[in-house]
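Open the model in your viewer and keep the selection panel at hand. We will go from stop to stop, and at each one you will hear what to select and what is there.

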Amino acid sequence: MTAVAQAPAPAPSEGGKDRRNKARPRTPAEWVMLVLAVLGALAIVFPMLLLLLNAFKSPQDYANSGPLELPQALSFEGIKTFWETQNFPRALWNSIFISTMVSIIAVVISVLNSFAIGIGRVRGRTWIVLVFLMANLVPQEMLFDPLFQLYDDMGLLSNPWSVILTFVVIQSAFGTYLLSSLLGTFPKEILEAASVDGATRWRTLRSVIVPIVRPTLSVLMVFFFIWTWNEFLLPLAFLNTSDSLTVPLLLEQLNGERQTDTTTLIAGTLISIIPTIIFFLIFQRTLTRGITAGAVK
Amino acid sequence: MKYRITAATAVLAAGALSLTACSSGDGGDGGSSGAPADGDYTGETLTVMHYEGEESAMGKAWNLAIEIFEEETGATVDLQTTAFEDLNASAQQLFDSSDAPDVSEYNKGNGTAGQLAATGVILPLDEAYETYGWADKLSAGIDTIAKYDENGVMGSGSWYGVPNYGEFVFLYFNQDMFDEYGIEVPTDAAGIEAAMQAFVDEGVTPLTTSAQEYPMGQLWYQLALSQADRSWVDAYQLYTEEVDWTGPEVSYASGTLEDWVGKGYISKDASGMTAEDAGLAFINGDAPMFYSGSWWYGRMLEDVTDFEFGIANWPDTTLTPGSGGNIWVVPVESKQPELAEVFIDITMRPEVQALLGESGGLPVAADTADITDPDAQKLIELFNEVNERDGLSFYPDWPTPTFYGDLNSVMQGIVNGDVTADEANTQLMDYYESYVADLR
């Protein structure tokens, strides 16, 4: 999954190419940058190449050749085994459902919290923000046991909502922290103009503030989605039945006690990054815009 | 493997289903006498959890057991397969929750099943052992890992689990490479060193192993065992008395490994290799010898295509690393403890055990006459030889919960030349005593 965080990196080079004056020949510095960018892109594509090379080897072929060699014959055994033994569509749906719910709810809560802290300037807001930040620093291992007991009592084990609730809290703690400082610098004039026009607080939030910070919110939403998608430890604890697994948990199922069926694992990894790639093609723009996209100067 | 169709309808429904199914299981289990296998459990569900691959010997045998179980009891099985690491991380919580399976495979040993037994997360099976007579089927050495005392130390106390299979560690060798260089397959300890020297002279690293994972630790233990007797094993594994960390057993093991690394019998690369890497070096035909466990056997039969490989017990030793396999346990929150016992009993039946052996596993209660596959026979023969000399001595990392990592780091030190054999022994003693001193 490391590829996920790296994938947007080549984008700036593309953007740079568009803006370059096409008539002017490249300067040596530009050539150096270009070579570096190509090398960087190769380094990023390399793991995917490894996956592609090895996903189509039979286990015997894999065992008898190096990981960089071409397959002796195209074998779909790994992909077939993965598809037959694991319920991938179900896991994909679980992952999408959980990540989408978390990103939407967490952003809504972050906006409401940071409206109170950043715009409303409630008393003790510095401390409140600090507490939110600390909530983000709690190691997940510490949450493991108490939350497990809680969801057990609530009957939410192996239910996607156990993971959704947990990560809404964790992600919105970060979102609140970030948005609060952003809204703390929100121009007074705009707010005053709104109140002169007779806007209520709710109206100000909905029609003035949210549209202005929308780029930041969409970036936050995408980040929450990815972070939740990649979560491992807490979902591992809460989701125990085979029907409730998420994609990273499903891949973990392929690791044996003493040995791993490597070709199946590689094939599974290959299949499971396809949705991530599609996701990036859709949200590439949002991601490269950066997290402070909506900042008002 | 997944049998998802039964449960695929809804996650919630699955939870609700097993909740409503709890009626008959609660209360006096084991009170009924005789094997209640003919009882009518139609409409009930038994949730079975394990982490063996569908194509593994255990996976095949247990699928057969599930079939027999469903036919005889009328109950349906909801099979949940998980991963070893998953269950290792979550069992302590999972087995004590509403999500607990009714019967589950679990990792044997003090740090794992022992800990669950000591904290009351799995149920004692003493009555079931009496009812079904499982103890008679398990040979000594196999049954050690099924009993745990109140501190979670194996070997005595109540029965907590039922092993279906055994496992042990031996030498895999590449017959073609031995033939190519005209080297004899070693049959005694001196022969091993001579053979390895002969390979080194030909420019071949003779022994592939991994210090990052279990293989080299197990080799270290085998070397110590070759100089030890049963009372040393009891001291080391069951804490009956103090282990002499300067004694001949440990000194020989660490000293020999240091020597072998120096002479190039073991590659310096071993410190960074995983067990998978080490095994692949053997399968590739790069290294003529690999010391590892029966769990590789099926894989070797399938993946070794370019040469003939052979198997042999480590020469000149009465003790061998090995044990009963992972065990069936009944979690404390099992809704069907009675049905769970019926299921476990079916896994011990001759036909299920025979299939396990036929598929490359080491059955604990099979009639050897039932097994006809020559490859399976070869393995079972080796295993029987170990059992005849009462050789099963468990694994080096069992004494403390962290000794696996501790031992591997010391092995890496030896391979890298960072520590001498004496320093290695002192380090191991410190790691070992820091946990065991309080238990003795």
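Start with chain A: from the N terminus on, its elements run α-α-α-α-α-α-α-α-α-α-α-α-α-α. That comes to 14 helices and zero strands, where helices (H or I, at least four residues) and strands (E, at least two) are DSSP runs numbered from the N terminus.

Before moving on, note that this is a predicted model, in which local features need pLDDT of at least 70, side-chain atom pairs count only at pLDDT 80 or more, and totals for chains, interfaces and linings use all residues. Residues are numbered from 1 along each chain as its sequence is written, and chains are lettered from A and ligands numbered from 1 in the order in which they are written.

Stay on chain A and colour residues 2–82 as domain 1 and 86–253 as domain 2; such bounds come from an automatic or database domain assignment. The C-alpha centres of these two domains of chain A are 33 Å apart. Of the 297 residues of chain A, 34% count as buried (20 or more other C-beta atoms within 10 Å of a residue's own; 12 or fewer is exposed, in between is partly exposed, with C-beta atoms placed from the backbone).

Next, show the interface. Here 36 residues of chain B are in contact with 29 residues of chain A, contact being C-beta atoms, placed from the backbone, within 7 Å. Select helix H4 (84–94) of chain B, one of the elements that give two or more residues to this side; H4(B) gives the most, with seven residues. By class, the chain B side has 15 nonpolar, 11 polar and 10 charged residues (Ala, Val, Leu, Ile, Met, Phe, Trp, Tyr, Cys and Pro are nonpolar, Asp, Glu, Lys and Arg charged, and the others, Gly among them, polar).

Now colour chain B by domain: 4–165 + 325–366 is domain 1, and 167–323 + 384–436 is domain 2. Their C-alpha centres lie 32 Å apart. Domain 1 of chain B brings 17 residues to the contact and domain 2 of chain B brings 14.

Zoom in on B:Phe343: leaving out residues up to four places away in sequence, it touches B:Leu46, B:Val48, B:Ala65, B:Phe69 and B:Val103.

Turn to helix H5 (residues 110–118) of chain B, whose buried residues include B:Leu116 and B:Ala117. Among what covers the buried residues of H5(B) are H4 and strand S3 (103–106) of chain B. Just after H5(B), B:Gly120 has a positive phi of about 75 degrees.

Last stop: select helices H18 (residues 403–416) and H19 (residues 421–436) of chain B, which pack at an angle of about 170 degrees with axes 10 Å apart. Axes are lines fitted to C-alpha atoms, for helices over the stretch in contact, and angles run from 0 to 180 degrees between N-to-C directions. H18(B) is therefore roughly antiparallel to H19(B) (angles over 145 degrees count as such). Show B:Leu407 and B:Val410 of H18(B) with B:Leu428 and B:Tyr431 of H19(B), which are among the residues that make the contact.

Key
Two residues are in contact if their C-beta atoms, placed from the backbone, lie within 7 Å. Angles under 35 degrees count as roughly parallel, over 145 as roughly antiparallel, 65 to 115 as roughly perpendicular and the rest as oblique.
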